[in-house]
Amino acid sequence: MTSQASRLTPDQPPQICCEYLTEQARALFGPHPFAAEMSEDQIARLLPEYLAMSQAFPYLQAGSQRDLIFDAIDHNRDIARDIELTSVVGNFICWDETGGYGQVLKGGKAALPDILVTENFHSNLLRKDASQLLGRAIQPNYSATTKRYLHSLYAGLSSKDPLVRCAYMVAFELHAADMIQSLWTTLVKTFKARPDDLEYFCSHVGGEDPAEKYHGEMTSRLIGELIPADRNDRFLDEFDRAYRLSLQWCRDLLRIVSLKRDHHSEIEHHGRCHCGSVKFYVKAPRELSAVRCNCSICQMSGFLHLLVPGNKLGIECGEEFLTAYQFNKNIARHTFCRVCGIKPFYRPRSNPTGFSVNIRCLDKRTIERITVSEFDGEHWDQAFRSMQQDLQPCVEDRPWSELEWRA
């Protein structure tokens, strides 16, 4: 695909402006994905993901300055001007996203105590709009797709390279303007709503003097301050990369919400041992049902069980590195990698013809959610009979970082 840099011509001014970047992005990428027709059900599934982004963004923008200041502290050096510039813009964006700027604009200094009214956070205005449209409250959904996007966005916003940092700030704001306008139009059409009733969208891109316009211009002015003309080409490449990141997140969400809501449809999850000598795949839904056992070997190894039939698991490589260990009843065959000692899967006592897969060994990117049930393996026979009768699940929809086994 042609990059923006290749479309710069010699007669163009050396300084890249907001209007130029917006025009080039629209010419290259076409209409925003959120401009597509969506059903009420699809929007109901999209809005929690969008809310997660809206909620997280000001914290990411604020947190992006952390490593920059500690780098200066640790090396006992002055704050560079490029850090001052991206920080002051980032701080204003956070101030605006958390409602402070709007409050002061309406009521002057006397309104400052009202910044504690967190209902004015832009993410909470979005909650209110969504509740009005859907007839119910929503919660943010930090799915695997949205988490990957936010981590990548933070990496760009916190880059020590001022060119990259600037490119991600500008790209996010310019993309946001198109994204918010497109989603607003789609929501109004789908729900037959009055545009002015949707406060989040009005405050960003509505009226005669929309705020998002100034966000774009403010971040774009950073280019003139930070990017010399001879680095325009590299800046445009980084801008392309950052804009595509946000655009791809929107495309991925649209693809996900367009799929039929079949939580039982299976995909291939790929896994490996610690050293990578043993690699395998298992066919299972995106939302996994796991079992946590308190028997001696499971407690010591931190094994989190995904129970599957024998035909659902395939070894891609490294079968020759597997070695078996048996104890007690000698029914279960615990298979370990003899190089690193990790047990990625084994033949369990409860189902000797099937497999128990260690969820901690699977690639996190294909897992949307994990439901964990407790199993009293210390009293195996009694617990197994009870499980067969009525296994009561304990839902844990937690970040992977809280479920990971830490060495």
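1. I69 sits in helix 3 (residues 66-74); helices are DSSP runs of H or I with at least four residues, numbered from the N terminus. This is a predicted model, in which local features need pLDDT of at least 70, side-chain atom pairs count only at pLDDT 80 or more, and totals for chains, interfaces and linings use all residues. Residues are numbered from 1 along each chain as its sequence is written, and side-chain values use heavy atoms, with hydrogens and water left out.

2. I69 counts as partly exposed because its relative accessibility is 36%; buried means under 20%, exposed over 50%, and partly exposed in between (1.4 Å probe, protein chains only). Together with F70 and I73, I69 makes a nonpolar surface patch of about 270 Å².

3. Most residues other than glycine have a negative phi. N76 is not a glycine, yet has a positive phi of about 50 degrees. N76 lies in the loop between helix 3 and helix 4 (81-97), and counts as exposed because its relative accessibility is 72%.

4. K192, also not a glycine, has a positive phi of about 50 degrees. The loop between helix 8 (162-191) and helix 9 (199-205) holds K192, which counts as exposed at 73% relative accessibility.

Conventions
Patches are made of residues with over 30% relative accessible area and no salt bridge: like charges are joined within 9 Å, nonpolar side chains (Val, Leu, Ile, Met, Phe, Trp, Tyr) within 5 Å. Accessible areas come from the Shrake-Rupley method with a 1.4 Å probe; for residues, only the protein chains shown count as cover. A salt bridge is a side-chain nitrogen of Lys or Arg within 4 Å of a carboxyl oxygen of Asp or Glu. Helices (H or I, at least four residues) and strands (E, at least two) are DSSP runs, numbered from the N terminus.
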